[in-house]
Amino acid sequence: MDSPAPPPGQTLAGYLASQDQADASLHALILALAATCAEISALVARGALGDVLGSAGAENVQGEVQKKLDVISNDMLVACAESSGQVAAVGSEELEDIIVFDKAADRGRHLLLFDPLDGSSNIDVNVSIGTIFSVLPAPTGRAATAQDFLQGGRAQQAAGYALYGPQTVLVLTLGQGVAGFTLDPRDGTWTLTHPGLRIPRDTREFAINMSNQRHWAAPVRRYIDEALAGRTGARGKDFNMRWVAAMVADVHRILNRGGVFLYPWDQREPDRAGKLRLMYEANPLGWLVEQAGGAASDGRQPLLDIAPTSLHQRVSVVLGSAEEVERVVAHHAEAA
Ligand code: AHG
Ligand code: MN
Ligand code: MN
């Protein structure tokens with residue numbers, strides 16, 4: 001027997017219209033980004049049939065081999081930002097330099113940053129991947145420069161991600177909590193399905209790439225050792241572990257059922273702050289986590305308080321349930 005049709009939910013456009021902050025250009029930009037993410041989702045779903053798997057045969061500024069889908073989704077998001085008319089300039093994981101769209105003053109009130117395809121190593125094995133974006137205010141009365149992008153995470157006007165998983169969802173904050181929308185692939189519409197996401201305070205689940213254990217700093221080793229010790233250890237409870245290798249998917253799980261995610265500095269590359277990028281990975285996801293009642297830190301200070309110094313800057317990341325993040329920060333403070 002067919003299950004009854006679900007009641008119609010609020011659309012993304014309806015949700016934006018219901019927000020206190022009536023920023024028409026920001027709302028237009030979010031709708032444009034959502035439409036592009038729906039297109040990326042359709043390409044992802046076609047996979048080998050759409051000739052979107054495999055390597056693009058080039059390296060990005062991070063020294064990583066680009067996948068076809070990294071390049072395709074980057075190009076789609078650049079085109080989206082330009083055609084929206086709301087964006088002065090974009091920065092991307094896949095672009096060494098920013099792209100300024102229009103030298104004329106006052107064209108585009110926002111700067112847009114994105115990780116077009118997060119979790120690239122999952123593409124060819126049909127595991128969840130995503131898109132992350134962060135919106136910052138653009139300068140007025142002059143063309144944007146790379147320097148204009150170096151704003152701390154608290155300056156973000158909007159942040160979100162699309163997760164291309166068993167369902168495609170868009171999770172968004174405008175600074176008044178976190179809302180999740182599900183894509184209906186039949187008609188490309190987004191419906192509010194996860195209003196008011198809150199990260200549970202209590203958790204028994206961590207996410208970290210355990211294969212790097214021997215390289216971590218002492219405070220991170222201590223935190224994970226305590227979790228692994230389980231019920232008879234310092235924590236007095238057993239922990240579970242998950243690692244999707246797409247931060248978007250790990251953060252989505254944490255937003256829905258709690259947990260903590262770590263991608264810490266490690267001693268293999270002592271001069272590199274971490275693997276993840278501050279401007280288009282850590283800041284947008286960190287703000288979403290804070291807006292859902294969690295915490296996001298580099299082990300010493302909130303991610304959102306870091307003053308950025310470069311577009312592709314790396315950072316050590318600990319985020320999720322506030323009590324766990326506070327514990328990791330306390331371990332760092334004790335070790336210092
Ligand atoms: P990207 O695909 O955009 O380069 O990001 C991948 C990141 C992040 O999403 C994920 O948590 C991490 O790299 C996975 O790293 P490991 O391969 O070390 O597990
Ligand atoms: Mn990424
Ligand atoms: Mn990426």
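Hi everyone, let's start with two residues: E93 and L117 are both buried, where buried means under 20% relative accessible area, exposed over 50% and partly exposed in between, with a 1.4 Å probe and protein chains only.

A word on the background. This is a predicted model, in which local features need pLDDT of at least 70 and side-chain atom pairs count only at pLDDT 80 or more, while totals for chains, interfaces and linings use all residues. Residues are numbered from 1 along each chain as its sequence is written, chains are lettered from A and ligands numbered from 1 in the order in which they are written, and side-chain values use heavy atoms, with hydrogens and water left out.

So what holds the manganese ion (ligand 3) on the protein side? Its protein donors are E93 (OE), D115 (OD) and L117 (O), lying 2.2 Å from the ion. Donors here are N, O and S atoms within 2.8 Å of the metal (3.2 Å for Na, K and Ca); water is not among the atoms, so sites may look incomplete. E93 sits in the loop between β3 (87–92) and β4 (99–100) and L117 in strand β5 (residues 110–118), so this pair ties together parts that are 24 residues apart in sequence. D115 also bridges to the manganese ion (ligand 2), and the two ions lie 3.7 Å apart.

Now for β5 itself. Strands (E, at least two residues) and helices (H or I, at least four) are DSSP runs, numbered from the N terminus. Nine of the nine residues in β5 are buried. β3 and β5 run parallel, joined by five bridges; strands pair if DSSP finds at least two bridges between them. S92 has F114 in β5 as its bridge partner.
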